[in-house]
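Trainee: I have just opened this one and would like a walk through it. Could you take me around, starting from the inside?

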Amino acid sequence: MFTEKEINNRIKKVIMHSLELNLHEDDFLNIKNLDELFGMDSVAIIELVIGLEQEFKIEIHPEYLNSEIFKNMDTLTAYISTLMNRKMGE
Amino acid sequence: MSSKKIFALRDLSAFFYLLPLRMIATILPVRIVRSIGVLIAYIYSTLSARRRRAIEKKLMVVFKDTEKINETEKISKQCLFNAASTYINDLILHRISKKDLLKCGKIMGLENLENALSAQKGVILVSGHFCGNRVAKRFLSEIGFPILSIRKKPFSNPAMSMIKRKYLQPIRFKLFNKIVQDYVFIEDDYFSLKILKRLRENGLVDIHIDARNSSHLIECAFLGTKRLFPADFLRIVYLTGAPVIPMLCIGNCSSFTIIFEKSVEFHKTSNKDEFISVNLNKLVRILESQIVHHPSQWLPMKRLSFIHNVKTPS
């Protein structure tokens, strides 16, 4: 089982790598919505989705490709944790 | 800062189209509206001498060294006729029954689309602004191939009159929403997530390669001049591996043809920036070829802004 903290840290790494950002732990605390990271780059979120799928070896079902899941770090972490724990239980 | 003009003379045609003509088109039988459309298109293409000349000037560059250079006068008139007919088609498109629509459409290369869909990665259709696009999309939706269109919300041009900004533009926007029902606005939050969702559902997404609705534009040689083309969609291709099929839709509500070409074979590269710069040009060449074969069907041909700065060949 992965803890939410572990998953959260890995998501942060994916965000920095996929979006080519150089952020510190504190910077993430100030981010209320993930779209703040995307700026004018309309395709950045696809880079993030693909990055997450590669990192966690999962596939995000089309049903969950929505703004609710990708709203902020908490919603994304909760979703990935559920997926990972389900995967571990299989 | 917005214009202080209440009404501009050039708003008259938009006013006539969006109010009396649109209302008449909801009452009269479709065949009569079509006849009215033909008449209006004929008058417009005959009287718009300045636009015709400007189109001819562009066509001379496009067709230099070819036999078609002798047909520029005829083609320029046809460009204006088709453009005006497309506006009338927009008024009656939703009124045409499925049965009638299926009778007047022809598809070529459907096997190319089906082959691409068999990869289960969705398909990105790349098209230009051709006359038959909207009727083709309705037709394809009716036969089980709904297409997600990418659109831009109307913007408030500071030069617009108050009447156009407050009344005419919203009516045109509503009319357009009724015609193109399956769409996403590029201004929407997470709009590219909706594109990914459609592709993951093995659906179709249409990208107008001659639109400039992109945060990343690249200049390419085009029809004897240079033009900016959107590049971001190629990042989506690079990331998702979705096949890309060039689509051409020509004709109108009475008779139209949809052509699906074979999936584009992209040059493989080591990084996405190189992938975009190498392959965008390939897609632009396909569009160019479609325009050269069907010049009067390409709607931006009539825009004067597209034509300026073009030197007539000596």
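**The core and what surrounds it**

Mentor: This is a predicted model, and its largest nonpolar core has 84 residues, among which I124(B) and L125(B) have the most contacts inside the core. Helix α4 of chain B, residues 72-92, gives the largest share of this core, with 7 residues.

Trainee: Which residues is L125(B) in contact with, leaving aside its neighbours within four places in sequence?

Mentor: With those neighbours left aside, L125(B) is in contact with I147(B), L204(B), V205(B), D206(B), I245(B) and M247(B).

Trainee: And how much of chain B is buried?

Mentor: Of the 314 residues in chain B, 38% are buried. If you take the contacts in chain B between residues at least 6 apart in sequence, 79% of them join residues at least 24 apart.

Trainee: Okay, what about secondary structure, how many helices and strands does chain B have?

Mentor: Chain B comes to 12 helices and 9 strands. Its radius of gyration is 20 Å, close to the 20 Å given by the globule rule for 314 residues, so chain B is as compact as a globular protein of that length.

Trainee: What order do the strands take in the open sheet?

Mentor: The open sheet has 7 strands with mixed pairing, in the order β1-β9-β8-β2-β5-β3-β4 of chain B. Because β1 (105-108) and β4 (183-185) of chain B stand at the edges with a single partner strand each, one side of each is left without a neighbour in the sheet. On average, neighbouring strands of this sheet are turned by 25 degrees against each other, with direction ignored.

Trainee: How do β1(B) and β9(B) run, parallel or antiparallel?

Mentor: They run parallel, and 4 bridges join β1(B) to β9(B), which covers residues 255-260. Within this pair, G105(B) stands opposite F256(B) of β9(B).

Trainee: And in which sense do β6(B) and β7(B) pair?

Mentor: Strand β6(B), residues 217-222, and strand β7(B), residues 225-230, pair in the antiparallel sense over 6 bridges, and L217(B) has P230(B) in β7(B) as its bridge partner. Their hairpin has 2 residues between the strands, and L223(B) takes a positive phi near 50 degrees there.

Technical notes:
Residues are numbered from 1 along each chain as its sequence is written. Chains are lettered from A and ligands numbered from 1 in the order in which they are written. This is a predicted model: local features need pLDDT of at least 70, side-chain atom pairs count only at pLDDT 80 or more; totals for chains, interfaces and linings use all residues. Two strands pair if DSSP finds at least two bridges between them. Axes are lines fitted to C-alpha atoms, for helices over the stretch in contact, and angles run from 0 to 180 degrees between N-to-C directions. A nonpolar core is a set of buried Ala, Val, Leu, Ile, Met, Phe, Trp, Tyr and Cys residues joined through C-beta atoms within 7 Å. A residue is buried if 20 or more other C-beta atoms lie within 10 Å of its own, exposed if 12 or fewer, and partly exposed in between; C-beta atoms are placed from the backbone. Two residues are in contact if their C-beta atoms, placed from the backbone, lie within 7 Å. The radius of gyration is taken over C-alpha atoms; the globule rule is 2.2 Å times the number of residues to the power 0.38.
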